[in-house]
Amino acid sequence: MIVLTQQSRFITTGNAEYLFRQRCTETKLVLTWELCCISAPEDLHTQHISICLTLCLSGHIWLDNLHCTGGEKSLAECHSNGFGVSDCKHSEDVGVVCTQKRIPGFKFIQNQGLTVQVEDVRLRATYSQRKRIPITEGFLEVKYGGKWRQICNEEWTEKNSRVICGMYGFPGEKRFNARPYKLLASRRKKNFWGFSVNCTGNEADLSDCKIGREIKRKGNSTCEQGMPVVVSCVPGRAFAPSVSAGYRKAYRLEQPLVRLRGGAMIGEGRVEVLKNGEWGTVCDDNWNIRAATVVCRELGFGSAKEALTGARLGQGIGPVHMNEVECSGFEKSLTECYFNRDAGCSHEEDAAVRCNIPAMGFNKRLRLNGGRNPYEGRVEVLAEKNGSMVWGTVCSDSWGTMEAMVVCRQLGLGFASHAFQETWYWQGDGSTDAVVMSGVRCSGTELTMDQCLHHGKHILCPKGGGRFAAGVSCTQTAPDLVLSAQAVEQTTYLEDRPMYALQCAHEEHCLSSSADKADPSSYRRLLRFSSQIHNNGQSDFRPRAAHHSWIWHECHRHYHSMEVFTHYDLLTLNGTKVAEGHKASFCLEDTHCDEGIQKRYECANFGAQGITVGCWDTYRHDIDCQWIDITDLKPGDYIFQVVINPNYEVAESDYTNNIMRCRSRYDGQRIWTYNCYIVTPTSGTNDKFRETSHFSMTENTLLDIFFN
């Protein structure tokens, strides 16, 4: 007979190991640290696993095919193959992330010097403040022993308040008028928690703070020299409830030095830093929750929930500006922290963060209905109609990927996977068929649909709602295409090609309009180049159209999986377009991949098309349409621009890196292409062409949306 007992321990990484003690009647006591494995990790979300992040170690795998109902007190009580019966490898070791909230009635060991352990924490707003969004001020209460309790403020400090504000998504604390709270507290029955709290101010959560001295509970006489703790927080710009001119003046936007990219949710992303006018990433060596919290607060969020390493939110481009970052937690910017300038890192080590954000109730005004799972469905919004709030649909005219992106972000469902203009196959509630929102046009940066341009109360939707209502499907990961500027710069050249050899390209509109009247024996001057397009995202880039709907082109004798995959343009120095070209994707495939990554897509034999994460697709300079027709171009200085996925036909985690620009000089016979770079939304640089990004909105524009 084997008797198993279990105890758990937490280590500094936040992972949990499980000690299984095996005791046999015939043998001595044996202690081994071991792991649990689930052979079907895709079912992880349906399993109520009662452990926290398992640490990968060598040794046996004790559990396989684990099935729990959620009510078990130990993993040993869950159904499995049996202890030690497994066909798993350690690459399948499973882990989970636990919430800070605890099961009601959970018994904590409370000793002075240990960290705070309570079931839940809340800010209880006064009645007059409860309708404000977000709630920034109120009595602080902790749930302990199944009951909500106040904390005595006799030993409460501003550093404690700073930690609480960070937990609730606010970058800092502020002073408040204590008089109404004293009056209110005197009229209420008090139920104090039995300890004070000691925070240093740089903790990410109350559970990281130490327990202070024990408070003697004497009914209403407890905390005689004080009152229940009240916390008041300052919201970040994007979440501010006030839009007054004074508020805007106080928060006049300066050039940001830090930004987040590639995140699926509000307040998360890869950390990028601006240095000498160029955005770069941060290496994950020594990256921790303290440095991540500095980033979050700097950007107007609260403390960090997670400090992510290993390019978990995608790989960046450009230089790695910072390495071995060390922060005290009180810096106003990540750039004030100590760091090593000699990076020695690759983008596989890019650091990222997930920040606490305020509870804005975004998901209460929008929902998906009729889908097969919670990540898809017909879009329905809550709107005022005839004096009451009703649910209705969104007109699908002009509905596209950008609008779907905002919907998925508002609902906390990640990125958009598809935008649908017909939803007849999703049976929604017939009472919500009426269109309550039309003319929706989003840039993709908005936090909610309300911030997008739309018709307001004047609904105009010729197709009507019902089967033509807008719909979306969402996903937690997305691709991210980036063009190699170096490859373009190194392969650019001119070719004079006879018109009779360009008939197929002419049919596909790859020549300028003057070619329509050109003599077959005439020549066209072509600016040729190669394009190497990398997928730096977290999922494969796939054409939106399925195989059966690809378009066949008889002349070239191939299918187009995307009619417009890239735009090629020559611009004057003031931004006027003088020559253009475009490239359809007749073959999206993995030309080359990073070491250790297997190619998945090959166009041969009508195979599946796409670009795998960590791979790139190369369109060589010597194939049709890989050019700009400059036959009619006058000599001079120009801007050469390439835009990938220009119509946002396929969702990406970051569209702001889809544009490449070069300087070009043409003397009538030769062309020079130099200083190629990926355009990013950087304001305030000397290069005015960087400010006219094809897609991205500047932060000033974003603030205007928030405030107007």
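Residues are numbered from 1 along each chain as its sequence is written, and side-chain values use heavy atoms, with hydrogens and water left out. Because the model is predicted, local features need pLDDT of at least 70 and side-chain atom pairs count only at pLDDT 80 or more, while totals for chains, interfaces and linings use all residues.

Strand S13 spans residues 268-275; helices (H or I, at least four residues) and strands (E, at least two) are DSSP runs, numbered from the N terminus. Seven of the eight residues of S13 are buried, where buried means under 20% relative accessible area, exposed over 50% and partly exposed in between, with a 1.4 Å probe and protein chains only. Pairing of two strands requires that DSSP finds at least two bridges between them.

S13 pairs with strand S12 (residues 258-261) in the antiparallel sense, through four bridges. Within this pairing, Arg-259 stands opposite Glu-272. The hairpin of S12 and S13 has six residues between the strands, and Gly-262 takes a positive phi near 85°. Antiparallel pairing also joins S13 to strand S14 (residues 278-282), over four bridges, with Val-273 opposite Gly-280. In the hairpin of S13 and S14, two residues lie between the strands, and Asn-276 in the turn has a positive phi of about 55°. Strand S18 (residues 352-355) is joined to S13 by three bridges, again antiparallel, and Arg-354 in S18 is the bridge partner of Glu-268.

Aromatic contacts were examined next. Rings of Phe, Tyr and Trp (its six-membered ring) pair if their centres lie within 6.5 Å; planes under 30 degrees apart count as stacked, over 60 as edge-to-face and the rest as tilted. The count under this rule is 13 aromatic pairs. The pair of Phe-529 and Tyr-568 is edge-to-face because the ring centres are 4.8 Å apart and the planes stand at 85°. This pair links distant parts of the chain, 39 residues apart: Phe-529 lies in the loop between strand S27 (523-528) and strand S28 (531-535), and Tyr-568 in strand S31 (residues 562-571). Phe-529 and Tyr-568 are both buried. One aromatic cluster is formed by Phe-139, Phe-176 and Tyr-181.

Charges over rings were also identified, the criterion being that NZ of Lys or CZ of Arg is within 6 Å of the ring centre and within 35 degrees of the ring normal. The charged end of Arg-122 sits over the ring of Trp-148, 4.1 Å from its centre. For Arg-367, the charged end sits over the ring of Trp-391, 4.1 Å from the ring centre.
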